[in-house]
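Q: I have a structure to get through today. Can you walk me through it in short steps?
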Amino acid sequence: MDEKLLSIDSAVNELIKKAKEDGVETIFDRKENMKPCPMGEKGICCRICAMGPCRITPKTPRGLCGATADVIVSRNFARMVAGGAAAHSDHGRDIAHVLHMTSKDGNYKVTDEEKLKELAKRWKIETEGRDIYDIAHEVAEFALNEFGKPFGTLEFPPSLPEQRKKVWENLNIVPRAIDREVVTIMHSTHVGCTADADSMLNISMRTAISDGWGGSYIATELSDILFGTPIPRETEANLGVLEENQVNIVLHGHEPSLSEMIVLAAEDPELIELAKEVGADGINLAGMCCTANEVTMRHGVKIAGNFAQQELAVLTGAVEAVIVDVQCIFPALASLAECYHTKFITTSPKARITGATHIEFDEEKALESAKQIVREAILNFKNRKKEKVFIPKTKSHAMVGYSTKAIINQLDKVVNSHIDKPGTVKPLADCITSGVLRGAAGIVGCNNPKVKHDYGHVEMIKELIKNDVIVVTTGCAAQAAAKAGLLSKDARKLAGKGLATVCELVDIPPVLHMGSCVDISRILELVGLVAKQLNVDISELPVVGAAPEWMSEKAVSIGTYVVSSGIDTWLGVAPPVTGGPRVLEILTSEMENMVGAKFFVEPDPIKAAHQMIEKIEQKRKVLEEKF
Ligand code: CUV
Ligand code: SF4
């Protein structure tokens, strides 16, 4: 196996080599030996009841109950959507609980009062003359109610264009309460319920929409209220951000309620003193996966790497603790950490891992809990084995923190205040209608060893910006971009003339880091606002999406809500639906007639980028006739 082929990131390849020398295995080794099940790959294996498992073959075209390939594939797909929507939305719910816990003297406070009041007004909660914390608690209760309210439909944010809502109404896919949609999928996929691919996919769309425009949107808005709405700031990315002479703590997972407290704890003078006592120069925090996105957007905490790099951080031998909460955490970290001095600390009852050190994070005593966890890391510094340490030199400069509000602030730089009022997305809409920017692309999602690490993200982004398509990014895609230097303002030199000019005038990089996976709601918000500005539906905009290296159920939910929102979406890895001809037909063709967008599958990121550009130009033609 040629190790050079595994990643475009030299830090990754160097550490894969170290793994061999150290005699430990990583995902890259396990991938070599894993032979995926061909049934599972096509989605035609059903384990929904104990009469099975049933597998669809030419000799057995139906399960014992009579379920066809399409029935089985569509149910499996729906359950992936449910898993993903549940993960994002439960994260949103946790954040709502934290908002409900805020008080003037507590660990958790309201940081963005303006955003809180805006949201309160939207939800018709009285703000006049009230204590900010009374408002916060009522907003939190309102949000919590969105998960399980018995009647009515989801409260949509004002960024959702009316036209889009009509599309959903006509298809009967307007979500009701968020939990209810997830439960409906679990119910409908139970043996003896939905046995119709079309209906199953409608239900999937409704659930996915409740994630993107519901659970995830709530997670983002409430996180901003609690911890601040991100503004542009500088950071660095890749394993080179780990420090030889400091206590290195890697923050991995998703919910900012934990990582925010760790950031605070790491600033505690007593703990910094303790770090010095054990012989370190200080405490160095570095993020991984979406937690990295959360804390870099709000504090500039450096990014250690993305999903495929979590084991490699431990392999440097220089990490005192990997602190995790929920989602995207390799169970492999437990046994790997044992080969080094690293403490692998789980904190959430929702994600306990055999072999890990479990220190439950108590939100009621958040800062105290966080300090205890940081102290564990510091005390572990003495166990570091110098001869086992290897920190790759590689790191890149990046700009992060482009919330919708931050983008609008940047756009204000070019507003001619005699004609237009500041504080809107009009300059962006103008750039798109005039053709200076051909369009926009959201590049999101994970790493997947089926794709050469980071290759899918980086090549696609480069090709798009070269062709004057502005890119917004979240998740592990954003981190791939950061490591490749694409989030730096310098990356303008890789952009086409139109995009480079816009970047210069507005003072932004050509690729904008908009946050974590739940922050894809920021992308929906931005796109929705541009559509409203132009009085068109989202599906009419020259806007596309892609997940070149996706792997999680969350990504299936995301893909489904992005397409349901009217944005054509390219996947670099085929979802397990190829065994269901009708399912495939709906996802890759018929959805276009239903919601104005569909899925494309293209493993080659450059080919995919050109398909995306072609789609953008098609949409432009129609749009230009309107203006
Ligand atoms: Ni939530 S879902 S690997 S961390 S983007 Fe990264 Fe993002 Fe996928 Fe997970
Ligand atoms: Fe087999 Fe039907 Fe049971 Fe699935 S639900 S395992 S297809 S009998």
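This is a predicted model: local features need pLDDT of at least 70, side-chain atom pairs count only at pLDDT 80 or more; totals for chains, interfaces and linings use all residues.
Q: What is the bridge partner of G439 in β12?
A: The partner is V469. Helices and strands here are DSSP runs, numbered from the N terminus (helices are H or I, at least four residues; strands are E, at least two). Residues are numbered from 1 along each chain as its sequence is written, chains are lettered from A and ligands numbered from 1 in the order in which they are written, and side-chain values use heavy atoms, with hydrogens and water left out.

Q: OK. How many bridges join β11 to β12?
A: There are 5, and the two strands run parallel. β11 covers residues 439-443, and β12 covers residues 469-474. Two strands pair if DSSP finds at least two bridges between them.

Q: What do β11, α18 and β12 make together?
A: They make a right-handed β-α-β unit, with α18 at residues 455-466. Right-handed means that, with the strands pointing away from the viewer, the path from the first strand over the helix to the second runs clockwise.

Q: And β13, how many bridges join β12 to it?
A: β12 and β13 are joined by 4 bridges and run parallel. In that pairing, T473 stands opposite H513.

Q: Which residues point which way from β12?
A: V469, V471 and T473 point one way. I470, V472 and T474 point the other way. In a regular strand the side chains alternate between the two faces of the sheet.

Q: Tell me about T474. Buried or exposed?
A: T474 counts as buried, because its relative accessibility is 0%. How far is T474 from I520? They are 46 residues apart in sequence and 6.7 Å apart in space, C-alpha to C-alpha.

Q: What comes just after it?
A: N535, which takes a positive phi of about 55 degrees.

Q: Switching topic. What are the protein donors of the nickel atom of ligand 1?
A: H254 (NE2), C290 (SG) and C517 (SG), lying 2.3 to 2.6 Å from the nickel. Donors are N, O and S atoms within 2.8 Å of the metal (3.2 Å for Na, K and Ca); water is not among the atoms, so sites may look incomplete.

Q: Where do C290 and C517 sit?
A: In distant parts of the chain, 227 residues apart. C290 is in helix α12 (residues 289-299). C517 is in the loop between β13 (511-515) and α21 (520-534). Both C290 and C517 are buried.

Q: Which residues come nearest to ligand 1?
A: Of the 13 around it, H254, C290, C328, C446 and C476 come nearest. Near means that a heavy atom of the residue lies within 4 Å. α12 and α19 (475-483) each give two or more residues to this shell.

Q: C328, where does it lie?
A: C328 lies in the loop between β7 and α14 (332-339). Its phi is near 65 degrees, a positive value in a residue other than glycine.

Q: Now ligand 2. Which residues are closest?
A: C46, C49, C54, C65 and R75 are the closest of the 13 residues surrounding it.

Q: Last one. What is the peptide bond from G52 to P53?
A: It is cis, with omega near 5 degrees. P53 lies in the loop between β1 (45-46) and β2 (54-55).

Key. Buried means under 20% relative accessible area, exposed over 50%, partly exposed in between (1.4 Å probe, protein chains only).
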